[in-house]
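Subject: Structure for you to look at

Hello,

Here is the structure I promised to send. Please open it next to this email and follow along.

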Amino acid sequence: MTLFAQILQYTISGLTGGSIYAIIGVCWSLVYLVTTVLNFATGEFVMLGGMLTWGFHKAGLSLASSAFLAVIFTIIFAILLERAVIRPVRFPTELTYMMITIASASVIKGIILLVWGSETRSIEPFFGTRVIQIAGASITPQVIAVLGLLIFVTTGLALFLDRTLFGKALRASAINMVGARLMGIDISMVRLFCFGLAGFLGALTGIFIAPITFTGYEVGMLTGLKGLVAAIVGGWTIPGTVLAGLTLGLLEGFCAGFISSGLKDVFALLVMILFLLFETITFSKSEKKR
Amino acid sequence: LSTKKEALMTFVPWIAVVVLIVLLPLASSSNYVIGTMVFIAIYGSLAVSMGLLLELAGIFSLAHPTFFGLGAYCSAILAAKGIAAPWIGMIAGTAFVTALSILIGAPLLRLKGFYLACATFGLLVIVEIMLGQFGSITGGHEGLVGIPPLSIGGVVFEKDLQFYYLSWAFCLAQLWFLSNVMRGRVGRAIRSFRDSEVASKSMGVNIPLYKLRFSS
């Protein structure tokens, strides 16, 4: 393999991973901006999407119908999460939300572990296993599907938030919750919708990525964390998050290719910690100047 | 008279707890109960120091289990490779982790609120991956085996009952020490200044117990 082909190959795998982190990052910021909940169960939506599809498929359903059912069940789980454990909190802070969602993530992880065991599972690719060769690098239809999903999700969300009344209501409640309520927006509905949407996107991502990276009861936490990295670095906006997610994916792809594939997750998390430190330090400096 | 009464009232619960713990093995000699109680003591002391950070200094550090694990690995590696006796390994592990927690704590404690929580959570995952990756030193995902039993001055700690008394002694001593610290000058200092150095030191307080967890 020539160096050019190698670089192309790492770029492709980096963009694939990056699309996933971008979509998950969007899930984080959708929920965080509207409800101020840092939802650490976001990654579990991905896991549920993949594992439920695998489970239904094994039980004899067709791939399409089991994927459909998996998405529906994940949305129900996300809505239940908001309704049953997050809304009843009396004096919520970001930290209590964090503890609650981390605990919920462990619970759902434990349930899946009990039901389907600890082995990694895989779903068959949607469009066959054909491999397309481009300048020495190989690309599968599944990779193209993942990239297509990212484009579909971002344009869909942008149109929804910009053009529809409910999308505008969503943006209004993110900016000022009390003001939005005074204008007659049903806040509890909006909150439920945000969790449901995050569940929907997460499950979809989980199903699309399962043929490439496989799925298992424990894939949620790391995928979710990297989505959080993308959301934080991207400043909680959709374009920023997508850009940060893709950059993170590329960084990871090249680290895995040229340095060590075992340590690629470490690099991603180091990026997050360093960015948090950097932002805090520059922020406190700009405060002093003012 | 009232101060004497107050002093008595603070001592009564302590004495009650100590008596209860000393007497429990007489009531039930089953290994399962004793083993579970050992873990209660270990997790209890972990929770106490984590709670101290959160309650007093307002630091929600998810990296606490990381220090717990690193302390255990450090002393266990020293003991298993025959470099040092287990009890020396315990002290070395404590010193190592205290130094490390101050080193890591100094930059990380600049972060506030959920930023700190996110960063420490990242740290937790990083260390977990690294421990799995460097299998030749840490034993990888299978864990470290062949740690010699702890022995202090000719007494070898092998049975569950011995660990039971040792871990509870550590746990109660730590509880007593920390409750005194909280009431004393340092505690007030943490409350008022939220002093970062003291906070990171208190992260390292209960590490001697970690060796226990791995050999029990």
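B:Thr120 counts as buried, because its relative accessibility is 4% and the cut-off for buried is under 20%. Keep in mind that this is a predicted model. B:Thr120 sits in helix α5 of chain B. What does B:Thr120 touch, leaving aside its neighbours within four places in sequence? Its contacts are B:Phe60, B:Ser61, B:Leu62, B:Ala63 and B:Leu108.

Now for the place where the two chains meet. Chain A brings 27 residues to the contact, and chain B brings 21. The size of an interface is often given as the accessible area lost when the parts come together. Here, chain B and chain A bury about 2100 Å² between them. Carbon and sulfur atoms give 86% of that area. Which residues of chain B lose the most area to chain A? They are B:Phe114, B:Tyr115 and B:Phe121, and together they make up 29% of what that side buries.

Which elements of chain B give two or more residues to the side that touches chain A? They are α4 (86–108) and α5 (113–133). α5(B) gives the most, with 14 residues. By type, the residues on this side of chain B are 17 nonpolar, three polar and one charged.

Best wishes

How values were computed
Residues numbered from 1 in each chain as written. Chains lettered and ligands numbered in written order. Predicted model: local features only at pLDDT ≥ 70, side-chain atom pairs only at ≥ 80, totals over all residues. Heavy atoms only, no water. Contact = heavy atoms within 4.5 Å. Buried area = accessible area lost by both parts, 1.4 Å probe. Helix = DSSP H or I, 4+ residues; strand = E, 2+ residues; numbered from the N terminus. Nonpolar A, V, L, I, M, F, W, Y, C, P; charged D, E, K, R; others polar. Buried < 20%, exposed > 50% of the residue type's maximum accessible area, 1.4 Å probe, protein only.
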